[in-house]
Amino acid sequence: MKKIKYYFKVYRMLLRLNLLKLFAYRANFYSSAVTHTVWSIFLIVAIALLTSKSSHVFGWTRNELLLMAGCYTVISSFFYFLFSRGFTDFSNIIHFGRLDSILIKPIDSQFLMTCSHASYTQICRFVIGAGFIFFIFPHTGATFSPLLILWFMLLTIFSVTIMYSFWLTLMTIAIWFTHLDNLKELLLQMNQISRFPQEMYKGASIFLFFALFPLTLVVVTPIKVLLQKASVNDIVWLVVCAISLFIISRKFWQFALRSYTSASG
Amino acid sequence: MKKYLLVIRSTWDEIATYRFNFTMWRIRNVFQLLTIYFLWLTVSSPKTLVFGYSQTDILTYVLGAALLSSIVLSTRTQEIGENINVGDLSNFLVKPFAYFGYWFARDIGDKAFNIVFAIGELTVLYFLLKPPIFFQTDIQFLLLTVLAVMIAIFLNFFIGCLLSMVGFWSPDVWAPRFIFFVLIGFLAGGAFPLDIFPASVQTIFQFSPFSYFLYFPLKIYLGTLSQQQLILGFTISLVWVVILYLLTQYVWKKGLKQYSAQGS
């Protein structure tokens, strides 16, 4: 318990430091904010255009798919706010041997590698996504209730955990193969998988479908809860996948550290 | 010419050195291709038209757009901005070759490597998925498509250089480039064919350089453009190549006056 309190205190300080950095480089903040805003709008408009000629796709109504686009924007904004900057530097920290200074600090290396930067500009993405959810939700025919929102928020934590575990597991490969800038590009593309219903990937090979299965749960399960269509199985799958993937990614990181040679690229 | 061939070769060597990194890039492209394919396969139907396109035509368009994106839009010009920001540009200014010639050779090297792998991946995916796609057999259309792609490569190169030269005035070269790539998804017809938009919007697209990145070459490949549309399209795109070339030269001269060689 004492340790958790300590980590929360450190994290609060890191968030404050990031905020100070943001005020110091305001031009950078404004340009990034515009970028994220444009990108979020693009994702929603793309789905709106794609579904403009059909009322049902993959067994989902058009408004439900639009709600999915909004929820993807919100859930991914949480993930990118907490971890994207950390993962952006991940490969370079290892490539240039800067992991040494992290390993000798009296704090967990995984925590420092992935949580020491926050991307405040993701707030723009969150605002657009949340605003769009409030706009489109009444059109789906479902009714809002505070309990549903609470469930949605709780499941979002597990969804973000799945995304985090995927990113950490794959990024850890950089310990063996340095200079892996494109790994981040691959992971950004993999995140996009969660934008669409699982049914879309059933035409793919069985291997591909099962490899990507956890990612297809990330947005679909919280939405099913919002639309009151989720079964207990759906929720159990999300929770089990999140916890197991987190444990696997943690173990993999600890295992990989044994191979770290500290040699700079 | 020999020195630029050496630059192309050194680009290949660089890619080969970081093979795993390049493999990740190709896997990313395969993922993108599969996502687009399954999405449009489900949205379209063999019996009905989607946005006026048959399933075969729309799948050819979106898969072609994904392939052309990796050829036309792949570029190394983002490194120009980094060069300016960290002061490495000074090293290039004293070397005996044209600065933009060097970067164009880098782009060609990068694209050549990507094309070889893209063809291999597409062949494998074609035999695995057997997608209903259209193969153009008219040599005239194929040659015109190649010409349009070459023009698109020049357009993207000059715009890439212009975006990177923001580095002469601002340390933040990433944001304008990212916004550009988001917009290009729409304006170049990467996400959707541009003729699904209203006629007035299409006219605006027609006079912008962006529709010549992907939409124009793909429409030529599909053989759906009239002779008049072809002549107009090639004229506008070539005019844009000249405008962007002159603009690149002008901004380069202005930027060099601003350049102070500061950095690490």
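## A salt bridge in chain B

Glu14(B) and Arg106(B) form a salt bridge, with their closest N and O atoms 2.8 Å apart. A salt bridge here is a side-chain nitrogen of Lys or Arg within 4 Å of a carboxyl oxygen of Asp or Glu. The pair links distant parts of the chain: Glu14(B) lies in helix H1 (residues 2–17) of chain B and Arg106(B) in helix H6 of chain B, 92 residues apart. Helices are DSSP runs of H or I with at least four residues, numbered from the N terminus.

Arg106(B) counts as buried because its relative accessibility is 4%. Glu14(B), at 33%, is partly exposed. Buried means under 20% relative accessible area, exposed over 50%, and partly exposed in between (1.4 Å probe, protein chains only).

## How the model is read

This is a predicted model: local features need pLDDT of at least 70, side-chain atom pairs count only at pLDDT 80 or more, and totals for chains, interfaces and linings use all residues. Residues are numbered from 1 along each chain as its sequence is written, chains are lettered from A and ligands numbered from 1 in the order in which they are written, and side-chain values use heavy atoms, leaving out hydrogens and water.

Asp110(B) sits in helix H6 of chain B, while Arg76(B) is in the loop between helix H3 (55–73) and helix H4 (78–86) of chain B. Both residues are buried. Shared partners join Glu14(B), Arg76(B), Glu79(B), Arg106(B) and Asp110(B) into one network of salt bridges.

Arg26(B) forms a salt bridge with Glu121(B), at 2.9 Å between the closest N and O atoms. Arg26(B) belongs to helix H2 (residues 19–43) of chain B, and Glu121(B) to helix H6 of chain B.

## Where the chains meet

How many salt bridges are there between chain A and chain B? The count is zero. Two residue pairs are in polar contact, both at pLDDT 80 or more. A polar contact is a pair of N or O atoms within 3.5 Å; within protein, one must be able to donate a hydrogen and the other to accept it, and residues adjacent in sequence count only if both atoms are side-chain atoms.

The contact (heavy atoms within 4.5 Å) takes 37 residues from chain A and 31 residues from chain B.

Methods. Helices (H or I, at least four residues) and strands (E, at least two) are DSSP runs, numbered from the N terminus.
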